[in-house]
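Subject: Structure handover

Hello,

Here is the structure for you to look through. My notes on the disulfides and salt bridges follow below it.

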Amino acid sequence: QLQLVESGGGLVQPGGSLRLSCKVSGEALDDYAIGWFRQAPGKEREGLSCITKSGDTTDYAPSVKGRFTIFRDSAKSTVYLEMSSLKPEDTGIYYCAADPTTEQCVPFYWGQGTQVTVSS
């Protein structure tokens, strides 16, 4: 049974940085494209970034492009989201999700989420 566990969230000041982790267990990470999603207070969940099974291709939402970087470490069965130049509007619960069938990070399986708060 595939499991995804996010970690690394917390409170950070505007302009600061955080690295989120999505640890995959139960099955091989390389069998899944992995996406990061965010649900801000009062808003719908939105897709932020996607990395293909091979890790060769990444994609970003316009709101985070140039500030966030997604990458994967197969040896650690973990996908990371490196976030910099954080803004208050980046506040929300961050989820990772796994897609076993496409390379577009359609969310078939979800983690439980990790809270990120950007505030002074």
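C22 and C96 form a disulfide, with their sulfur atoms 2.1 Å apart. The term here means a pair of cysteine sulfur atoms within 2.5 Å. C22 sits in strand β3 and C96 in strand β9, so this bond ties together parts that are 74 residues apart in sequence. Strands are DSSP runs of E with at least two residues, numbered from the N terminus.

Before going further, please note that this is a predicted model: local features need pLDDT of at least 70, side-chain atom pairs count only at pLDDT 80 or more, and totals for chains, interfaces and linings use all residues. Residues are numbered from 1 along each chain as its sequence is written, and side-chain values use heavy atoms, with hydrogens and water left out.

Back to the first pair. The torsion about the S-S bond of C22 and C96 is about 70 degrees, so the disulfide is right-handed. C22 is buried, at a relative accessible area of 0%. C96 is buried as well, with 0% relative accessibility. Buried means under 20% relative accessible area, exposed means over 50%, and partly exposed is in between (1.4 Å probe, protein chains only).

How many disulfides does a search of the whole structure find? It finds two. The other bond joins C50 to C105, with an S to S distance of 2.0 Å. C50 lies in strand β5 (residues 46–51), and C105 lies in the loop between β9 and β10 (109–110), so the pair ties together parts that are 55 residues apart in sequence. Its S-S torsion is about 80 degrees, so the disulfide of C50 and C105 is right-handed. C50 counts as buried at 10% relative accessibility. C105 counts as buried at 6%. With the bonded cysteines numbered in sequence order, the pairing reads 1-3, 2-4.

Now the salt bridges. The rule asks for a side-chain nitrogen of Lys or Arg within 4 Å of a carboxyl oxygen of Asp or Glu. By that rule the count is five.

One of them pairs E82 with R19, and their closest N and O atoms are 2.5 Å apart. E82 belongs to strand β8 (residues 78–83) and R19 to strand β3 (residues 18–25), so the contact ties together parts that are 63 residues apart in sequence.

D90 is worth a look next. Its side chain meets that of R38 in a salt bridge, at 2.9 Å from N to O. This pair links distant parts of the chain: D90 is in the loop between β8 and β9 (92–99), R38 is in strand β4 (residues 33–39), and they are 52 residues apart. D90 is buried, with a relative accessible area of 1%. R38 is buried, with 4%.

D90 also forms a salt bridge with R67, where the closest N and O atoms are 2.8 Å apart. Here too, distant parts of the chain are linked: R67 is in the loop between β6 (58–60) and β7 (68–73), D90 is in the loop between β8 and β9, and 23 residues separate them. Both R67 and D90 are buried.

Which residues are linked in a network of salt bridges? They are R38, E46, R67 and D90.

Best wishes

Notes. Helices (H or I, at least four residues) and strands (E, at least two) are DSSP runs, numbered from the N terminus.
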